[in-house]
Structure formats: C-alpha cells, structure tokens
Amino acid sequence: MGGRLVRRLEANGRRVRCLARNPGALAGRVGPGTEVVAGDLMNPASLPAALAGVSTAFYLVHSMTSGAAFEDLDRLAAKNFADAARAAGVQRVIYLGGLGDDDAGLSSHLRSRHEIGDILKTFGGPVLEFRAAVVLGSGSLSFEMIRALVERLPVMVTPRWVKVRTQPIGIEDLLSYLALAVDAPLDASRIVEIGGANVVSYADMMDAYARQRGLRRLMIPVPVLTPRLSGLWLGLVTPIYARVGRALIASIQNETIVRHPDGARAFAVTPVGMDAAIRRAMIFEDRAFAETRWCDAVSSARSARPPAAAAAAPNARIVDARSVRVAAPPAAAFRAVSSIGGKTGWHFGNIFWRIRGSADLLIGGPGLRRGRRHPEDLRVGEPLDFWRVETFTPPELLRLRAEMKLPGRAWLQFEVKPDGAGSVITQTAVFDPRGVSGLLYWYGLYPIHALIFQGMLRGVARAAVSASL
C-alpha cells in the first residue's frame with residue numbers, strides 16, 4: 001500500500017518522506033524528489049529526525065505477520081509514533097484501519113485495528129481514520145488468498161465464513177481516498193467508512209475471479225471449519241502463513257460493510273464494483289509483471305548454476321532465474337542472445353526444442369515452423385519459433401512471450417549488464433500456471449526445464465565469447 005501511495009503522491013506533486021527500517025530496499029523505487037530515512041517504530045529514538053518538518057503523516061503499519069503477539073506490537077508501535085508525532089508538531093495523521101461494528105464481537109485483528117486508531121488520537125492533532133474491508137488489488141493479503149485458492153483448487157471445501165458479507169474496495173479507489181485526505185478539511189478527528197459499489201461474500205469474490213480467469217471451480221460447503229484448522233489449510237494451499245490465515249479468517253467471520261456512508265461522500269471518489277476492481281487488479285498486475293526485473297526477484301548469482309528451487313511468487317507465478325558472467329562486452333553478449341531460435345537453434349538441447357515443437361503442432365499450436373525473419377535482428381511483435389517478441393531493447397533486454405499450447409502463460413527473458421571488462425547475462429523463465437494442471441505441468445517437467453535452462457544459458461555464454469573474438 002505504501003509503495004503505491006508514494007507514486008500517487010509524487011504524481012500529485014507532493015514532497016514525500018518515507019520511513020523505512022532498510023532504506024536501501026527502496027533504492028530506485030521512489031522518485032528523485034522523495035526522501036527516504038531510516039527509522040523503526042519499535043525504536044523511539046529513531047523517530048524524531050524522521051518526523052521533523054512533516055505536516056501530514058500516513059500510518060499504514062501492521063504487525064499481523066509477527067504471530068500471536070501482533071496486538072501488543074501494534075499497540076507499542078502506535079504509541080511510539082503518536083508520541084513522536086506530537087513532539088514533532090505533525091498537523092494531521094491519516095490512518096487506514098478496518099471496517100466492523102464495535103458491538104459485534106470483533107475478532108482480535110479488527111479489534112486491534114480500531115484500538116490503533118484510538119491510540120493515534122493521543123498525538124493531539126486530528127486523525128482521519130479510513131476504515132475499509134477487503135482491498136482488491138495484487139499484493140493485498142486477502143486478495144492473494146482468494147487468488148491462490150481459486151488458482152490451485154479445482155474443488156474447494158468451503159466453511160461458513162465464505163458466505164459472510166463484506167464490501168471490497170479496489171486499490172485504485174482506496175489510493176484516491178488517501179491522496180485526497182491530505183487536503184480534506186479536518187478540524188477534529190473523524191472516522192470515514194469506505195467500500196466499493198457491491199456488498200458481496202468471499203464466495204462471490206472467488207466466483208468472480210474464477211470467471212475472469214476462465215476457470216471452473218466447484219465449492220462444497222461444510223457446516224464448520226475452525227479458524228485454526230482453516231488457517232492451517234490456507235498455509236498448505238496458499239502463500240499465506242498459517243498464523244496470518246487464522247487471524248484473517250477470524251476477521252472474515254465478522255461482517256465488514258459500510259454502515260455510515262456519509263463521511264465518504266465528502267471525497268470526489270466513485271468506487272467501482274467488484275468485477276471492475278478485480279479486472280483492474282489483473283491488468284495492473286500484468287503491467288507491473290512486464291516491467292519487473294525478475295533477476296531482482298529471484299536468484300541473481302554471478303555463476304551459471306541452477307537455483308535451489310523454482311520460486312513461486314505470492315500470485316503463483318513461478319520464476320526460474322539464472323545468471324552468468326562472460327568475458328565479452330555487452331554488445332557481443334547481446335548478439336548471442338538476440339540470435340537464438342530459427343536456424344541457429346537454442347544453443348542447447350535442440351532435440352528437446354524440436355520434440356516440443358512437434359508436440360505443439362499436434363495439439364494445434366504454431367510449433368517451430370515460423371522460424372525467425374532475420375538471423376540476428378528482431379522487432380517487437382514478430383514471431384520467433386513458438387514465441388513472440390514482447391520487448392527488444394539492444395543491447396540490454398530481450399523478452400519473449402510464449403505462444404505454444406500451455407496450461408498457463410510463459411515468458412523467457414534475457415538481460416545483459418556491463419560488468420567491468422565483461423558482462424553479466426541473466427536468463428529468466430517465468431510461468432503463470434492455469435490452475436492445478438499448470439502446476440502439474442511445471443513441476444512434472446521441472447527436471448527437463450532445469451536441464452534445458454541451465455544448458456541454454458551456458459550455450460549463450462559460449463556464443464557471446466565467440467562473438468567477441
């Protein structure tokens with residue numbers, strides 16, 4: 001949330017300062033005018049310098065992944081922040097909490113969210129507390145849980161909590177509320193309940209996600225499944241830690257819908273419905289996916305070796321990244337990269353590529369018959385065997401999108417960087433599995449994939465050295 005809010009505030013021309021325990025982790029992720037300072041809410045001595053000169057502070061902190069003591073940690077963090085904000089003369093605090101009626105037997109998670117809002121008010125100035133339910137956007141914990149369940153389970157045993165009502169909000173609409181709050185009139189602290197255009201259940205959201213992904217899913221209701229068992233179940237089949245799953249499920253048992261909509265009407269935001277929010281989340285994810293440097297997300301070792309294991313991102317995309325240093329300048333290394341396919345072949349295991357191409361033809365795919373237009377030159381949008389060129393920026397980046405028949409989507413990327421008198425070539429294969437069949441395909445063939453990817457990178461490295469001679 002914070003990373004996306006920073007970009008929105010920067011686009012609005014705001015001067016922004018980010019507090020981070022590890023400032024180096026934000027290098028290259030903020031604009032040139034944004035300041036990043038070191039600080040930790042558990043270390044009060046680190047906060048005065050971070051808050052000096054700040055007029056508006058956003059509080060987007062949560063400790064739920066810390067285990068059973070998350071309430072105590074959240075309480076201490078909020079108190080330290082409130083004390084430091086009061087001493088620094090902060091004029092307003094904008095806080096994102098959670099929906100839920102205080103008199104409805106709230107879960108520990110939602111009860112803590114409300115308590116943090118009360119603690120922040122002790123800083124002395126006005127606090128604008130937004131209360132929201134499920135955020136529909138890639139990276140949101142609840143949305144990632146929904147996505148992982150739908151992607152991985154063709155048949156789901158669903159307890160009663162999947163029928164509890166909630167009012168999800170799209171990430172872009174939530175960011176609009178937060179950005180507008182900087183200039184909103186605020187003489188005293190107030191709570192603003194916000195939500196999307198639809199009141200739905202978690203089952204409705206899973207159905208909607210499956211429909212947009214073109215997946216058929218069967219949900220079998222059971223009368224009871226305790227939060228502890230449900231959390232362990234989520235820990236097995238989704239990327240969410242079991243302890244986080246338990247806290248989430250305990251919260252899901254509370255209805256989280258907007259009861260008092262008047263406060264939200266003061267903001268020029270017209271929230272979209274569930275289907276549109278899911279659709280926008282998937283579009284944003286694909287755009288961010290295409291722009292991501294996958295070598296930064298997984299192994300970027302400078303030796304040609306297989307990774308310890310194929311890595312799965314929270315959204316179930318599987319990434320296999322390998323790097324090798326070559327004694328060749330970037331231009332020569334990229335010539336070797338950009339010549340793959342067609343009559344040149346793939347520098348390793350061409351028999352495997354031909355078998356895969358023949359199998360692809362038999363099931364209705366393009367196979368390898370398209371070849372390539374030119375032995376070295378490439379253009380964005382043109383075919384290359386059973387791939388299509390998605391990005392071509394010599395002498396740095398080549399990204400290919402798979403067009404062979406697959407139970408999912410796949411990309412193959414090569415990136416070349418200068419390294420002293422030589423270069424580093426990073427080869428990354430990415431697979432976005434389509435349901436269980438996609439996972440079975442990837443992991444069933446992983447020994448062959450690993451052999452081919454490793455051999456291909458070594459072959460490209462040898463071709464790069466030859467091209468430089």
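Modeller: Happy to! Let's start with one term: contact means heavy atoms within 4.5 Å. Keep in mind too that this is a predicted model.

Colleague: With that term in hand, which residues in H15 do Tyr441, Trp442, Tyr443 and Gly444 in H14 meet?

Modeller: Here we look at two helices, H14 (435-444) and H15 (446-468). On the H14 side, the residues you list are the ones that take part. Their partners in H15 are Tyr446, Pro447, His449 and Phe453.

Colleague: Now another pair: how are H3 and H4 oriented?

Modeller: H3 covers residues 70-88 and H4 covers residues 108-120. Their axes lie 9 Å apart, at an angle of about 15 degrees. Because angles under 35 degrees count that way, H3 is roughly parallel to H4.

Colleague: In the contact of H3 with H4, how many residues are charged?

Modeller: H3 brings residues including Glu71, Asp74, Arg75 and Lys79, and H4 brings, among them, Arg111, Arg113 and Glu115. The contact also holds 7 nonpolar and 3 polar residues. The charged ones number 7.

Colleague: Which element gives the most to the largest nonpolar core?

Modeller: This core has 40 residues, and Trp346, Trp387, Leu398 and Ile425 are those with the most contacts inside it. Elements that give two or more residues include strand S14 (318-326), helix H12 (330-338) and strand S18 (408-419). The top contributor, with 9 residues, is H15.

Colleague: Is Asp385 buried or exposed?

Modeller: Asp385 lies in the loop between strand S15 (383-384) and S16. Its phi is near 55 degrees, a positive value in a residue other than glycine. Buried means under 20% relative accessible area, and since Asp385 has 3%, it is buried.

Colleague: And Ala45, buried or exposed?

Modeller: Ala45 sits in the loop between strand S2 (35-38) and helix H2 (47-51). The cut-off for exposed is over 50%. Ala45 has a relative accessible area of 67%, so it is exposed.

Colleague: What kind of peptide bond joins Pro394 and Pro395?

Modeller: Pro395 is found in the loop between S16 and S17. Omega for the bond is about -5 degrees. The bond that joins Pro394 and Pro395 is cis.

Colleague: Last one: how many helices and strands does the protein chain come to?

Modeller: The protein chain has 469 residues, of which 51% count as buried. Among contacts between residues at least 6 apart in sequence, 71% join residues at least 24 apart. The secondary structure comes to 15 helices and 19 strands.

Notes: Residues numbered from 1 in each chain as written. Predicted model: local features only at pLDDT ≥ 70, side-chain atom pairs only at ≥ 80, totals over all residues. Heavy atoms only, no water. Core = buried A, V, L, I, M, F, W, Y, C linked by side-chain atoms within 4.5 Å. Buried < 20%, exposed > 50% of the residue type's maximum accessible area, 1.4 Å probe, protein only. Helix = DSSP H or I, 4+ residues; strand = E, 2+ residues; numbered from the N terminus. Axes fitted to C-alpha atoms, helices over the stretch in contact; angles between N-to-C directions. Parallel < 35°, antiparallel > 145°, perpendicular 65-115°, else oblique. Nonpolar A, V, L, I, M, F, W, Y, C, P; charged D, E, K, R; others polar.
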